[in-house]
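Reader: I'm new to this one and would like to go through it with you. Could you put it up so we can start with the charged side chains?

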Amino acid sequence: MHNKELEIKAYNIRKNALTAVYSAASGHPGGSLSIADLMAVLYFDELNIDPADPDMEDRDRFVLSKGHCSPALYGTLAERGYFPIDDLKRFRQVDSNLQGHPEMKHISGVDMTTGSLGLGVSAACGMALSGKIYKKNYRVYAVLGDGEIEEGQVWEAAMYAAHYKLDNLCIFVDSNGLQIDGPTADVMNSDPIDKKYEAFGWHVIKIDGHNYDEIKAALAEAKTIKGKPTAVVMKTVKGKGVSYMENQVSWHGSAPNEEQYNQAIAELDAHIAQLGR
Amino acid sequence: MAKKATREAYGEALRDLADKYDFVVLDADLAAATKTGTFKKAHPERFFDTGIAEGNMMSVAAGIATTGKVVFASSFAMFAAGRAFEQIRNSVGYPHLNVKIGATHAGITVGEDGATHQCLEDVGLMRSIPGMVVLSPADSIESKACVEFAINHNGPVYLRFSRMAVEDVFDEATYKFELGKGNLLKDGKDVTIMSTGIMAGFALQTAELLKNQGINARVISMASIKPIDEDIIVKAAKETGAIVTVEDHSIIGGLGTAVAEVLAEKSPAVLRRIGTQDTFGRSGKPADLFKYFKMTPEDIQEACMDAIKNK
Ligand SMILES: Cc1ncc(C[n+]2csc(CCOP(=O)(O)OP(=O)(O)O)c2C)c(N)n1
Ligand SMILES: [Mg+2]
């Protein structure tokens, strides 16, 4: 898909994510907005998936290891046709399938239950290993936060994936520089992320997570790498696309009020109109 | 009456007791939510974030405690008792170190975050560790008292706090915390409602509902789950013949189990347990979840009627 079309998808994903968080009056907008461009490329350009057959055996797998960004995942799945976009308005309600964090048993298109940080990437390793054991061609993708990688388990998984030469695994670390209690550099510095993964034996690619050519090139490059997993460290802006949310730690896990929501949608619509021209 | 979450009271107690006692506070990137941020703001030099690394935090806390210092380590109950269970068991519990675990966001009252964040097993996990004191305060007044008790107690303490704001049930002027003692909130002879944590309010509301039916319920709040007040349980069994436990936790491993153990060995009586019934939580507003999991005052009332009928 052309970059411009993908970018429009990404802005729609952002709108969907914010609609979900606004409707629930709870949820995590910041880290959802920072991965929207990646989600658009993965789900509209890259993944071998079929919304009509969500459990297709040889589909590519996607694990949102930073599960609190479920609004981005649900917003993407709805945009891709896994379930009605209107369902997002019931996000986090007691009678809805759309749980606060991704849940694989009842939500079409969700490959792994996540929400407790650090666990998802290990599950992605398991999916990749199984692909190797059973000689399947599917690839496995996972997205981690730059705060999430403070969990020790993330580095157990890093050692594991390199040891078992999981070249069918490609992870993205969303380096938006913020976690809950402040900038990652102040709370618990996880940098340099690239050098850590290199030292663990991974192929590392550094990109701008809002640049479509770079996202596409990284995905293509990862497929050519044999004998080791790939980590794409992508620099992003937390809250990307909504002026008052960008780089603000306070928008990690709080919902916009009506006025803020309307302003956000107006800004995102303006971006879409600009691109449509 | 104004409502306050017990986690708020926890943060305020840490802040207010900082001048009187020497202790440090650790958190794993949730200070804004656990309310240790309240302490951090007032005493930044005594606050240390460990990042999102709960296992590391618990063993670091143990290390600090070996030097003779009192240390609080906080996260959500799920990631404190759950993620770091074995670190707590082996680094803190086994050497019986002075680590105070301030676990917030316990139970289904976490609400919208859903099952991954709603810890319904922590009391069971912590209760099973030898030497661990397990406290689940009912309101802001009791929470503050529990924090001060924990500082003065020699050994590990697990403090269970909640996200949802509740009304106080105790009077600050008269309340005194005593380890291993339940608190009689209302006397009665027909049935005993025994709650822990923030479920005390529902227990009292249920007693009102029962009064309209001509039933005189006793209400007891059990902040101290371990050690547990065996005397108050046995007395309730003998005098009222029926007990209904109420907790924002699984009925497996929590207060209901602890009370069942005492009844079975000391003084059998009819028991009904309100809590989650061997199931995971789910997303929703706390009020909707109470209905969904059958934990409302009306549900407790029904359990009381059933218990009375089966005496
Ligand atoms: C094991 C665990 N500990 C704590 C949390 C609470 N939590 C949710 S999001 C978050 C911060 C995540 O920061 P980061 O990974 O950088 O995510 P992003 O900035 O992309 O939103 C924390 C501590 C959790 N979900 N899981
Ligand atoms: Mg981040």
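Reader: Which residue forms a salt bridge with B:Arg218, and how far apart are the closest N and O atoms?

Author: This is a predicted model, and in it B:Arg218 forms a salt bridge with B:Glu239, with 2.6 Å between the closest N and O atoms. The pair links distant parts of the chain, since B:Arg218 lies in strand β11 of chain B and B:Glu239 in helix α10, 21 residues apart.

Reader: Is B:Arg218 buried or exposed? And what about B:Glu239?

Author: B:Arg218 has a relative accessible area of 6%, so this residue is buried, whereas B:Glu239, at 42%, counts as partly exposed.

Reader: Which other residues are linked with those two in a network of salt bridges?

Author: The network also takes in B:Asp187 and B:Lys235. B:Lys235 forms a salt bridge with B:Glu239, the closest N and O atoms being 3.7 Å apart, and because these two residues are four apart in helix α10 of chain B, about one helical turn separates them.

Reader: Okay, and which residue does B:Glu230 meet in a salt bridge?

Author: The side chain of B:Glu230 meets that of B:Lys266, at 2.6 Å from N to O. This pair also links distant parts of the chain, with B:Glu230 in helix α10 and B:Lys266 in helix α11 of chain B, 36 residues apart.

Reader: Changing topic, how many helices and strands does chain A have?

Author: Chain A has ten helices and five strands, and of its 277 residues 59% count as buried. Its radius of gyration is 17 Å, which agrees with the value near 19 Å that a compact globule with 277 residues would have.

Definitions and conventions
Residues numbered from 1 in each chain as written. Chains lettered and ligands numbered in written order. Predicted model: local features only at pLDDT ≥ 70, side-chain atom pairs only at ≥ 80, totals over all residues. Heavy atoms only, no water. Rg over C-alpha atoms; globule rule 2.2 N^0.38 Å. Buried < 20%, exposed > 50% of the residue type's maximum accessible area, 1.4 Å probe, protein only. Salt bridge = Lys/Arg side-chain N within 4 Å of Asp/Glu carboxyl O.
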